[in-house]
Amino acid sequence: MQEVIAGASSLVSTASGFSGISGCSFLSGASCACTGIGPEKEALQRLSSELGVSERVEFLDFVSDMPALYRGADVVVQSSLTEGMPNVILEAAALGVPVVATDVGGTAEIVRDGANARLVQAGSVAQLSEG
């Protein structure tokens, strides 16, 4: 069975999207569902093509029923470079979905590394893909 990785973003920065999509390139067989809208969507689609993972990365734009997406995912990934109190992590944690996230902003106040999440250094594709 193919693993499903879900992530949500405003897609306003190629940097955070780069980490998530690049991480997917290291996970052979996994498919990635990226939700969100923003000006960097086309650049991130090109990146997924350049990395050879475009057939495994689906850009879903706006998703009105995020809990359904989370329940269908094996893990939720948040690859933000900066955060406040990330709703994506709050929602995934509330549903008991495993989380791999960058240790920025209020993320460590919601989940605990090694307990209900894997927290990684922001911008580290290697750590994100190992998560």
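In what order do the elements of the chain run from the N terminus on, and which residues form a salt bridge?

Reply: This is a predicted model, in which local features need pLDDT of at least 70 and side-chain atom pairs count only at pLDDT 80 or more, while totals for chains, interfaces and linings use all residues. Residues are numbered from 1 along each chain as its sequence is written, and side-chain values use heavy atoms, with hydrogens and water left out.

From the N terminus on, the order is β-α-β-α-β-α-β-α-β-α-β-α, with 6 helices and 6 strands in the chain. These elements are DSSP runs numbered from the N terminus: helices are H or I, at least four residues, and strands are E, at least two.

A salt bridge requires a side-chain nitrogen of Lys or Arg within 4 Å of a carboxyl oxygen of Asp or Glu. The count is 1: Lys41 pairs with Asp61, and their closest N and O atoms lie 2.4 Å apart. This pair connects distant parts of the chain, as Lys41 belongs to helix α2 (residues 41-50) and Asp61 to strand β3 (residues 57-61), 20 residues apart.

Burial is judged by relative accessible area with a 1.4 Å probe and protein chains only: buried is under 20%, exposed over 50%, and partly exposed in between. Lys41 is buried because its relative accessible area is 19%, whereas Asp61 counts as partly exposed because its value is 30%. Across the chain of 131 residues, 44% are buried.

As for contacts (heavy atoms within 4.5 Å), 62% of those with a separation of 6 or more join residues 24 or more positions apart.
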